[in-house]
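Here are my notes on this one, in the order I would go through them with the model open. Have a look and see what you make of them.

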Amino acid sequence: MIIIKSDSEIDIMRESGKVTGSILKELETFIRPGLSTADIDRFVEDKIRAHGMIPSFKGYGGFPASACVSINEEVVHGIPDKKRILREGDIVSVDVGSTYKGYVSDAARTYPVGEVSEVATHIMEAARDSFFAGMEFCRKGYRLSDISHAIQQKAEGEGFSVIRDFVGHGVGQNMHEDPQIPNFGKAGRGPRLAPGMVFAIEPMICEGTYDVQTLSNEWTVVTLDGKLSAHYENTVVVTDGEPELLTLAV
């Protein structure tokens, strides 16, 4: 069942979303060669707690950190580690969740580490552009799969593959609520969208095959062919008009 949020609930989620979005914006200048993925996690957790909020990911399903930090071929759920050092030319995806008064905001970005290749730049831009292509259909009256179809069309049009095994989702008092939102599929299917629906829309795309595997730590997901992956996510509200982005700081 898709949970429709009230105006007061969305007000709370706006506050959480502002913090999540601002942290992801600040990471643009914080991330650099020589940092460990644990340094990024510490930065994220300190910022969330400084705003009186709770890191949504920490302890969720047993996850040991406040941010998922995934490098290069790692698609999602990279576990921060003080021994995992960012190097010039890497790309790193950071997924962040903040909980405020019991409501979650969820967002992710992929960042360059120093100077990166043309392919790395392209896949990061394509992940972002795929999100915005999907968001255009996050409006009253469209069907859920219209979002999925638009994301797939944009990503594949840029020459990349779309991950099948992991999807976007509803978000609110729980990190993962109905519905699941695949990043691929035919248009015109699924429930019609209505004001008050809140979604975490999150294209995860890859340079090569979309086949993935989970590492022995039982969390980190990597591309099967070892090629690059990029992730871009925001929490979005369906309204009577334009979709409202809760987690984008400019």
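1. Disulfides first, so a definition: a disulfide here is a pair of cysteine sulfur atoms within 2.5 Å. By that test the structure holds 0 disulfides. Cys206 is in none, and the nearest cysteine sulfur, that of Cys68, is 18 Å away. Cys206 counts as buried, at 0% relative accessibility (buried is under 20% relative accessible area, exposed over 50%, partly exposed in between, with a 1.4 Å probe and protein chains only). Cys138 is buried too, at 0%.

2. Some ground rules. This is a predicted model, where local features need pLDDT of at least 70 and side-chain atom pairs count only at pLDDT 80 or more, while totals for chains, interfaces and linings use all residues. Residues are numbered from 1 along each chain as its sequence is written, and side-chain values use heavy atoms, with hydrogens and water left out.

3. On to the rings. A search of the whole structure finds 6 aromatic pairs (rings of Phe, Tyr and Trp, the last by its six-membered ring, pair if their centres lie within 6.5 Å; planes under 30 degrees apart are stacked, over 60 edge-to-face, the rest tilted). Phe30 and Phe43 are stacked, because their centres are 4.2 Å apart and their planes at 20°. Phe30 lies in helix α1 and Phe43 in helix α2 (residues 37–50), so the pair ties together parts 13 residues apart in sequence. Helices (H or I, at least four residues) and strands (E, at least two) are DSSP runs, numbered from the N terminus. Both Phe30 and Phe43 are buried.

4. Phe131 and Tyr232 make a tilted pair, 5.5 Å centre to centre with 50° between the planes. Phe131 is in helix α3 and Tyr232 in the loop between β13 (229–231) and β14 (234–237), so this contact joins parts 101 residues apart in sequence. Phe131 is buried at 0% relative accessible area, and Tyr232 is buried at 8%. Together with Phe132, Phe131 and Tyr232 form one aromatic cluster.

5. Arginines over rings: Arg32 lies over the face of Phe30, 5.6 Å from the ring centre, and Arg164 over the face of Phe184, at 4.6 Å. The test asks for NZ of Lys or CZ of Arg within 6 Å of the ring centre and within 35 degrees of the ring normal.

6. Which residues lie nearest the centre of the largest pocket? They are Glu28, Arg109, Thr110, Arg128 and Tyr232, out of 15 lining residues. A pocket is an open set of points on a 1 Å grid over the protein atoms alone, where a 1.4 Å probe fits, with protein on both sides within 12 Å along at least five of seven lines; lining residues have an atom within 4 Å of a point. α1 (7–30), β5 (103–112) and α3 (118–135) each supply at least two residues of the lining.

7. The second largest pocket is lined by 17 residues, with His77, Asp95, His169, Met175 and His176 nearest its centre. His77 also has a positive phi of about 65° although it is not a glycine. His77 sits in the loop between β3 and β4 (91–100) and is partly exposed, at 23%.

8. Most residues other than glycine have a negative phi, and most peptide bonds are trans. Asn72 has phi near 55°; this residue is in the loop between β2 (67–71) and β3 (74–76) and is buried at 17%. The peptide bond from Asp178 to Pro179 is cis, with omega near 0°, and Pro179 is found in strand β8 (residues 177–181).
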